[in-house]
Amino acid sequence: MIFDREHECMGREELQRLQSERLVALVKRVYDRVPFYRRLFDETGIAPGKVRGLADLAGLPFTRKYNLRDEYPFGLFATPMREVVRIHASSGTTGKPTTVGYTKDDIAMWANVCARALAGAGTTQDDVVQVAYGYGLFTGGLGAHYGAELIGASVIPISGSNTQRQLMLMEDFGSTVICCTPSFMLYLYDVAQQLELDVKKLPLKVGVFGAEPWSEGMRRDIEQKWNIKACDIYGLSEIIGPGVSCECVEAQSGLHLNDDHFLPEIIDPESGETVPEGEMGELVITTLTKEAFPLIRYRTGDITRLMTEPCICGRTNIRMDRVSGRTDDMLIIRGVNVFPSQVESVLLMSPQVEPHYRLIVTRKGAMDNMEIQVEIKQDLYREVSDSVLSMDDMTTISDHQTLIALKSNIQKNVKDIIGINVGVTFREPGSIERVEGKTQRVVDKRKEQEGS
Ligand code: DLL
């Protein structure tokens, strides 16, 4: 089903006219209302009156994630707080999150684009939609929820986790659509196996999966295990949340991007230049219609390419390829965005450790795991090794009471501040390799494990 035929099947010329008009109005709006943009435009010598349409887009400055951090929490809002009806947030590169705001109209637009996405994946009014993305500051749960409700489907707002309960309700309520991360869907399968639940007998027909990178192999695996169609949904809180783009169930080939609201470009992440049509690069998005939190040329950090060929489903909007990676060091662990710098600032809250650490990321079954290896300070090392040597039944220093306490303290801080459970192992001072230049702190073994 095409939810918003007028906008999803628009002629390209008409769409470009609309995009141009919206861009001109947006530039004026941010210049008038957001001091950050006024400064940025003045510094780069851009007079808003000179921006007349799409042809001027590439001359506009980029907005970067650190700009959001610098303006934390509400500095980039373009409307007074009394018009802001919702605030969401996602992990930033440091301890502070990235905050985003929505007006009533923004929420209505978000519901509309999520309804387009879910309808494209095959959801109708007759469906029972289990929303197993987290509800809260994360945009996944509420985004999918509003979209499904706008379609008129019956929504089960179960949120994330609660695996056994998810399976029970899926069976009892007869869910036909599920929205969650692809890794969680695989985990649900493993638990269903343990419970001897024959998932192929369930009425489930479609899954709308996103919030983390996944592959064609993983799609095949999910589709075969559950006997459903698996569609890829993409989005980021800075732009709106889920609903920036989504695959149609007919083609499952590229994600239809709602380019009447989100104007995409692909750039070379090194030079910042636009790449030739169809080539891979970093996705940059300008929000054409957002009121509370508009962004000009926001660098998403996500690597993809744009596809302009028409799709068999009849939609004419541009498509983007599955996201294949990131330009920065952001990791996504079980759907949670994690930056190494963020882990570092949490680690350094404990004065007994050194800022020398490695993050080892692995995947067991469908679950991502992160282990922090961190050096302890010389004094502490001396203290624990001395006392361990005097106890002949202990082989490693990690069993020392002080280190056990330190470990659980770090784990608690990481859980509280970043929101994930991690393993922690301590290393001797000086044992983590030092390199000149860029340190490789992250060892991500997930890709190689996928092939095995
Ligand atoms: O993950 C929004 C979302 C929720 C999208 C539910 C889809 C479904 P953030 O927490 O701000 O927002 O994380 C955004 O996650 O820049 C990508 O790197 C990554 N990401 C999101 N969807 C996909 C996907 C939500 N389908 C960041 N494939 C983005 C690959 C994805 N990566």
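I take helices (H or I, at least four residues) and strands (E, at least two) as DSSP runs, numbered from the N terminus. The model is predicted, so I use local features only at pLDDT of at least 70 and side-chain atom pairs only at pLDDT 80 or more, while totals for chains, interfaces and linings use all residues. I number residues from 1 along each chain as its sequence is written, and side-chain values use heavy atoms, with hydrogens and water left out.

**Helix 12**

I looked up I404 and found it in helix 12, residues 401–417. I404 is partly exposed, with a relative accessible area of 39%; the term covers values between buried (under 20%) and exposed (over 50%), with a 1.4 Å probe and protein chains only. V424 is 20 residues from I404 in sequence, and their C-alpha atoms are 9.9 Å apart.

**Ligand**

I then read off atom distances. A polar side-chain atom of N337 is 3.0 Å from a ligand oxygen atom, and one of R326 is 3.2 Å from a ligand oxygen atom. At E212 a backbone N or O atom lies 3.2 Å from a ligand nitrogen atom. Of the 600 Å² of accessible area (Shrake-Rupley, 1.4 Å probe) that the ligand has on its own, the protein covers 98%.

I searched a 1 Å grid over the protein atoms alone: a cavity is a set of points where a 1.4 Å probe fits but cannot get out, a pocket is an open set with protein on both sides within 12 Å along at least five of seven lines, and lining residues have an atom within 4 Å of a point. Volume is the space filled by probe spheres set on the points, which are joined across faces, edges and corners.

The second largest pocket holds about 470 Å³. Among its 20 lining residues, P264, E265, E277, L306 and I318 lie nearest its centre. Strand 10 supplies the largest share of this lining, four residues.

I found three cavities of 30 Å³ or more. The largest cavity has a volume of about 60 Å³, and its lining includes E8, R116, C246 and H256. Helix 5 gives the largest share of that lining, three residues.

Conventions: Polar contact = N/O pair within 3.5 Å; in protein donor to acceptor, adjacent residues only side chain to side chain.
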